[in-house]
Amino acid sequence: MRELSTRVDGTLKSGGWAHPQSQAASLVELVEHFQAFEETTHRPKGVVLLETMRGRSAEADELLNELELESRHCDDLLSQSKAALKLAGSGDMGAARTAETLLQEHRRLMAAHLEREDTLLHSQTALLLTGEEWAAVVSSMSEAMGGPRKNPTGGVRFPEDDWR
């Protein structure tokens, strides 16, 4: 997710809107990759974890609710930016500026969201889940992702390695 976000940012900064149709098309493609990754990889991995964590403590429940709201807001920002990019592709420079603003806001919020997952959610799981529960969550993540996959560098990579 961080890599895709960085690629979107790089594309935004790469050439301005000198060629609006190709710039918008490139960004729409990246946004769609981001959305697909979120739907097929990131979110499914968290379902079992969130279900296991819910109800363990008021603090954890509040954090989970906040993370869910942030995630929905990020989804909305991507949808809005995609709509603006489609208009920008036909030369609407106001829509191009709107898309840039939305994508920058998405990047900022997503970075903060992932940081909260990495720190606060990770801390809550360490406090609230037993080793056996965590093993069951990791196993479910692996099943949800279809088992081990080949790592681009050649080694075996398990889906739970990506949970951040």
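At roughly what angle do the axes of helix H1 (residues 2-15) and helix H4 (residues 93-128) cross?

## Helices H1 and H4

In this predicted model, the axes of H1 and H4 come within 10 Å and cross at roughly 155°. Because angles over 145 degrees count as roughly antiparallel, H1 and H4 are placed in that class relative to each other, and their crossing is left-handed.

On the H1 side, the contact is made by Arg 2, Ser 5, Thr 6, Val 8, Asp 9 and Leu 12, while H4 contributes Glu 100, Leu 103, Gln 104, Arg 107, Leu 114, Glu 115 and Asp 118. Sorted by class, the residues of this contact comprise six charged, four nonpolar and three polar.

## Helices H1 and H2

The axes of H1 and H2 also come within 10 Å, and here the crossing is at roughly 170°, which means that H1 is roughly antiparallel to H2.

From H1, the residues Leu 4, Ser 5, Arg 7, Val 8, Thr 11, Leu 12 and Ser 14 meet Gln 23, Ser 26, Leu 27, Leu 30, His 33, Phe 34 and Phe 37 of H2. The contact of H1 with H2 divides into seven nonpolar, six polar and one charged residue. Ser 5, Val 8 and Leu 12 of H1 are listed both in the contact with H4 and in the contact with H2.

## Glu 32 in helix H2

Glu 32 lies in helix H2, which spans residues 20-53, and with a relative accessibility of 38% this residue counts as partly exposed. Although Glu 32 and Leu 78 are 46 residues apart along the chain, their C-alpha atoms are separated by 8.7 Å.

Methods: Residues numbered from 1 in each chain as written. Predicted model: local features only at pLDDT ≥ 70, side-chain atom pairs only at ≥ 80, totals over all residues. Heavy atoms only, no water. Helix = DSSP H or I, 4+ residues; strand = E, 2+ residues; numbered from the N terminus. Buried < 20%, exposed > 50% of the residue type's maximum accessible area, 1.4 Å probe, protein only. Axes fitted to C-alpha atoms, helices over the stretch in contact; angles between N-to-C directions. Parallel < 35°, antiparallel > 145°, perpendicular 65-115°, else oblique. Left-handed = near helix turned anticlockwise from the far one by under 90°. Contact = heavy atoms within 4.5 Å. Nonpolar A, V, L, I, M, F, W, Y, C, P; charged D, E, K, R; others polar.
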